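Let's take a walk through this model together. Have the sequence and the 3D view open side by side.

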Amino acid sequence: MTRWLDDDEQRAWRAYLQMQNRLTAHLGRQLQQDSGLSLADYEVLVALTDAGEGRLRPFALQRQLEWEQSRLSHHLSRMQRRGLVDREGCPGDRRGAFVVLTPAGREAIEAAAPGHVATVREFFLDQLDRDEVATLERLATRVLRRLDADEQG
């Protein structure tokens with residue numbers, strides 16, 4: 001039997017979806033306008049920046065971003081043509097490769113990050129008090145744990 005959403009649940013769910021969609025669109029416009037990066041570019045550059053040596057194996061990057069392999073491959077090709085990332089062979093695996101942050105990619109993320117963080121802060125975090133931020137983190141972590149459990153079978 002289907003457990004339909006009650007009025008409160010439906011309002012909360014729809015407000016969440018609308019907020020998430022509009023915030024993502026707003027962040028994407030800000031990044032594009034201020035730095036010429038897409039939100040997807042930014043995600044890739046952040047993942048590589050967070051990696052110790054600015055390099056990740058494609059499968060690790062795919063897992064971290066939760067993208068389909070074809071999307072990642074096409075996006076990396078576009079970023080490579082723009083000089084933001086490069087691909088390097090893996091010494092221990094002749095068929096393997098690394099996705100590597102280039103100096104231009106590092107410069108792009110360092111230039112884009114302050115405006116992006118300011119926008120995240122202005123339109124999201126500054127709208128919450130410290131208790132709400134902590135509650136949001138607990139809620140997101142709980143939902144992510146449930147998703148992880150479902151994916152692991």
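Which residues form a nonpolar patch on the surface? Leu-5, Trp-13, Tyr-16, Leu-17 and Met-19 do, with about 480 Å² of accessible area together. Such patches join nonpolar side chains (Val, Leu, Ile, Met, Phe, Trp, Tyr) within 5 Å, using residues with over 30% relative accessible area and no salt bridge; a salt bridge is a side-chain nitrogen of Lys or Arg within 4 Å of a carboxyl oxygen of Asp or Glu. Areas come from the Shrake-Rupley method with a 1.4 Å probe, and only the protein chains shown count as cover for residues.

This is a predicted model, where local features need pLDDT of at least 70, side-chain atom pairs count only at pLDDT 80 or more, and totals for chains, interfaces and linings use all residues. Residues are numbered from 1 along each chain, and side-chain values use heavy atoms, without hydrogens and water.

Met-19 sits in helix H1, residues 7–35 (helices are DSSP runs of H or I, at least four residues, numbered from the N terminus). Met-19 is partly exposed at 38% relative accessible area, since that class lies between buried, under 20%, and exposed, over 50%. Ala-12, also in H1, is partly exposed at 47%.

Now look for the largest pocket, which holds about 1,600 Å³, the space filled by probe spheres set on grid points joined across faces, edges and corners. A pocket is an open set of points on a 1 Å grid where a 1.4 Å probe fits, with protein on both sides within 12 Å along at least five of seven lines; lining residues have an atom within 4 Å of a point. Of its 28 lining residues, Tyr-16, Gln-20, Phe-124, Ala-140 and Leu-144 lie nearest the centre. H1 gives the most, nine residues.

Note on methods: Patches are made of residues with over 30% relative accessible area and no salt bridge: like charges are joined within 9 Å, nonpolar side chains (Val, Leu, Ile, Met, Phe, Trp, Tyr) within 5 Å. Helices (H or I, at least four residues) and strands (E, at least two) are DSSP runs, numbered from the N terminus. Buried means under 20% relative accessible area, exposed over 50%, partly exposed in between (1.4 Å probe, protein chains only).
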